[in-house]
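Q: I've got a model open and I'd like to learn how to read a few of its features. Can we walk through it together?

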Amino acid sequence: MQHFIEKMPKAELHVHLEGTLEPELSFALANKNGVVLAYETPEALVAAYDFYDLPSFLAIYYAGMNVLVEEDDFYQLTYAYLVKARSQETIYAELFFDPQAHTSRGVSFDTVITGIHQAQVDAEKKLGIKSQLIMCFLREMSAESAMQHLELAKPYRNLLVGVGLDSDERDNPPIKFYDVFREAKAMGLKLTMHCDVNQQDSLIHIKQCISDIQVDRIDHGINSLESEELCELIKDKKLGLTVCPVSNQFVVQSLTSVEIHKMLKKDMLVTINSDDPAYFRAYLNENLVQLQKEGKFSQEQIVTLVGNAFKVAWLDDATQNGYL
Ligand code: HPA
Ligand code: ZN
């Protein structure tokens, strides 16, 4: 089964580029940019990864970004992820990035997006992995800041496929960003939002995503299973759910295989993803392999999970049909 998973052509729809920053690259960039890291070696850095909920993860994730300063740093980050993904037979990826986490440190929007985009272009040409970019807003920051970043993105509109919402969910409901997401939709961008597992007001947040924001997908969305009404809405609207098993393990001490079985049984369009693979020490293959072991998924079910990702990917029909 492991071999079968590793050899399958796959798509990844939920991966934060900043969450793909491997410790070795972190040290190389820190040296180059004169940034002092709190640890002596990459091994010591990994040993200090101590996550037990979303805020404890986010604190380490944001601290890690300080080494990303120049355009080429964003290029290297993105290219390294695409090399790794392609080596795992991932042939298509939709990539999140968090511009506010960089502009707030004095790194320009242009530096970030130009470095990322150039790596995407080169990786498609040299490695044969296609990718598209999703700009995320940090939900603990203001709606005004999100709107300012949407404005900053306008000259780069063609480099983006959609917008998302991530970071700390506590007291930051989807509706806070209603106007920003209306404007993004008017720009022709696709919409998604994180509803992480077991967060405060999870069901209210999922309902707002669907009914108020009118998202095209939901990131995570595990808690929708607690409401028949939400499951029906998700099915009716054919919304993809980008579930991240190893990430969930840190938050709820489970790969959520029981929940993924339930979603498959209900014919919900659930997909498997890695979220922040450098921090959670698991890329897409490791997520699928560990999930399959825990949940004893059949080969057919694995094919469905992987196929769902191509089905709910934000691709034009011709490209999508080529993959399906
Ligand atoms: N959840 C919310 N925000 C994030 C995550 C996550 O798993 N990773 C990076 N930003
Ligand atoms: Zn995420």
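Q: Which strand does His 14 lie in?
A: This is a predicted model, so bear that in mind as we go. His 14 sits in strand β1, residues 10–16.

Q: Is His 14 buried or exposed?
A: Count C-beta neighbours: 20 or more within 10 Å means buried. His 14 has 30 of them inside 10 Å, so it counts as buried. Leaving aside neighbours within four places in sequence, His 14 is in contact with Asp 219, Thr 242, Cys 244, Asn 273 and Asp 275.

Q: And where is His 194 placed?
A: In strand β5, residues 190–195. His 194 is buried too, because it has 25 C-beta neighbours inside 10 Å. Beyond four places in sequence, the contacts of His 194 are Gly 164, Leu 165, Asp 166, Asp 219 and His 220.

Q: Which residues does the UniProt annotation "binding site" cover?
A: The unreviewed UniProt entry lists His 14, His 16, His 194 and Asp 275. They span 262 residues in sequence, but no two of their C-alpha atoms are more than 11.8 Å apart, so they gather at one spot.

Q: Now helices. Which residues of α15 are buried?
A: The general idea: an α-helix has 3.6 residues a turn, so residues three or four places apart point the same way. In α15, the buried ones are Leu 284, Asn 285, Asn 287, Leu 288, Leu 291 and Gln 292. They cover an arc of only 160° around the axis, which puts them on the same side of α15.

Q: What follows α15?
A: Lys 296, with a positive phi near 50°.

Key. Residues are numbered from 1 along each chain as its sequence is written. Chains are lettered from A and ligands numbered from 1 in the order in which they are written. This is a predicted model: local features need pLDDT of at least 70, side-chain atom pairs count only at pLDDT 80 or more; totals for chains, interfaces and linings use all residues. UniProt positions are given in the numbering used here, feature names are shortened, and annotations may be inferred rather than shown by experiment. Helices (H or I, at least four residues) and strands (E, at least two) are DSSP runs, numbered from the N terminus. A residue is buried if 20 or more other C-beta atoms lie within 10 Å of its own, exposed if 12 or fewer, and partly exposed in between; C-beta atoms are placed from the backbone. Two residues are in contact if their C-beta atoms, placed from the backbone, lie within 7 Å. The arc is that of the directions from the helix axis to the C-beta atoms.
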